[in-house]
Amino acid sequence: VHTVMSEDGNSIINDWIFLEEVPAVNIIIQTLEGRFVVFQQKKYGIPGETLSPVGGFIDANESPLTSAKREVLEELGLGSRRTLRTVREGLRGYNNGRSGDPSKTLDVETVAQIITSSANPPVMDKFGLMEGLSRTVPSLEFDADWVFLGRYRTAANRGGGFLYSYLLKNAVPLVPGGGTVNYAGTGDGESQKIMYLSEDQVMKSISEGKFQEVKWVATFALAMLHLKDGMPACCGKDE
């Protein structure tokens with residue numbers, strides 16, 4: 001509960017509810033074949049079933065982009081083509097389901113270590129908030145298939161944390177079974193069904209309100225604007 005002054009300066013409010021959540025990421029994933037990967041699931045605060053993208057909270061000392069890569073890996077076993085090349089270079093000889101030493105299993109934990117070990121630490125802007133994609137620090141993280149769609153406050157006057165929205169294009173499997181409908185993710189244990197949607201099915205689902213959280217539908221809308229109408233990636237202006 002905060003104590004705040006009204007905008008006109010004439011009154012003090014002593015019971016202003018302000019709730020700051022951990023910052024989070026939402027990721028829209030488009031496969032190399034052009035399909036969009038979503039979940040069908042239930043959520044505590046949503047009646048019935050809903051469609052949703054991949055998402056999750058950003059860990060301590062983790063940049064938003066690294067968090068996005070980790071979430072996609074944990075929940076779907078997918079990543080970018082550049083990440084796949086990095087994994088292959090770091091795990092020569094591991095079993096990838098087709099070749100390699102069967103005693104050396106290529107698993108999510110091992111791949112996650114490679115992703116995080118090559119990642120930059122979070123970069124803060126002039127407001128003390130994490131940047132979604134740093135343009136001031138030379139980075140091995142640069143990846144043309146990862147598009148930063150912006151950082152957004154989820155409740156302008158009440159907090160709610162910040163959302164970092166991303167689009168991953170041309171997603172490919174990073175681990176055996178990754179990206180298949182039967183892939184068992186290593187996330188938070190939620191019951192969820194993996195679905196592959198065409199562009200038309202995504203647009204229809206958005207128009208019918210099947211993504212029932214505003215952060216999800218906003219991230220999907222931003223991604224479709226980028227893909228269909230050429231909206232530039234965030235954020236072109238100088239901070």
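This text walks through the structure above, from the whole chain down to single residues.

The model is predicted: local features need pLDDT of at least 70, side-chain atom pairs count only at pLDDT 80 or more, and totals for chains, interfaces and linings use all residues. Residues are numbered from 1 along each chain as its sequence is written, and side-chain values use heavy atoms, with hydrogens and water left out.

Start with the whole protein. It has five helices and twelve strands. Both are DSSP runs, numbered from the N terminus: helices are H or I with at least four residues, and strands are E with at least two. The protein has 239 residues, and 41% of them count as buried. Buried means under 20% relative accessible area, exposed means over 50%, and partly exposed lies in between, with a 1.4 Å probe and protein chains only. The exposed surface comes to about 13,200 Å². Carbon and sulfur atoms supply 52% of that area. Such areas come from the Shrake-Rupley method with a 1.4 Å probe; for residues, only the protein chains shown count as cover.

Now look at contacts, meaning heavy atoms within 4.5 Å. Take the contacts with a separation of 6 or more: residues 24 or more positions apart account for 64% of them.

Thr-50 gives a close-up. It sits in strand β5, residues 49-52. Its relative accessibility is 2%, so Thr-50 counts as buried. Leave aside the neighbours within four places in sequence, and Thr-50 is in contact with residues including Phe-39, Gln-40, Lys-210, Phe-211 and Trp-216. The side chain of Thr-50 also reaches the backbone oxygen of Lys-210, at 3.2 Å.

Next comes Ile-46, in the loop between β4 (36-42) and β5. Ile-46 has 16% relative accessibility, so it counts as buried. Not counting residues up to four places away in sequence, Ile-46 touches Gln-212 and Trp-216. Ile-46 and Glu-213 are 167 residues apart in sequence, but their C-alpha atoms are 8.2 Å apart in space.

Asp-107 is partly exposed, because its relative accessible area is 31%.

Turn to the helices. Two packed helices are described by the angle between their axes and the distance between the axes. Helix α2 (residues 81-90) and helix α3 (residues 108-117) pack at about 110°, with axes 10 Å apart. So α2 is roughly perpendicular to α3, a label that covers angles of 65 to 115 degrees. The axes are lines fitted to C-alpha atoms over the stretch in contact, and angles run from 0 to 180 degrees between N-to-C directions. Thr-83, Thr-86, Val-87 and Gly-90 in α2 meet Val-111, Ile-114 and Ile-115 in α3. The residues of this contact divide into four nonpolar, three polar and no charged.

Finally, check the backbone. Most residues other than glycine have a negative phi. Asn-61 has a positive phi, near 65°. It is found in the loop between β6 (54-57) and α1 (64-76). Asn-61 is exposed, because its relative accessible area is 74%. Asn-170 also has a positive phi, near 55°. Its place is in strand β11, residues 159-173.

Definitions and conventions:
A polar contact is a pair of N or O atoms within 3.5 Å; within protein, one must be able to donate a hydrogen and the other to accept it, and residues adjacent in sequence count only if both atoms are side-chain atoms. Angles under 35 degrees count as roughly parallel, over 145 as roughly antiparallel, 65 to 115 as roughly perpendicular and the rest as oblique. Ala, Val, Leu, Ile, Met, Phe, Trp, Tyr, Cys and Pro count as nonpolar, Asp, Glu, Lys and Arg as charged, and the others, Gly among them, as polar.
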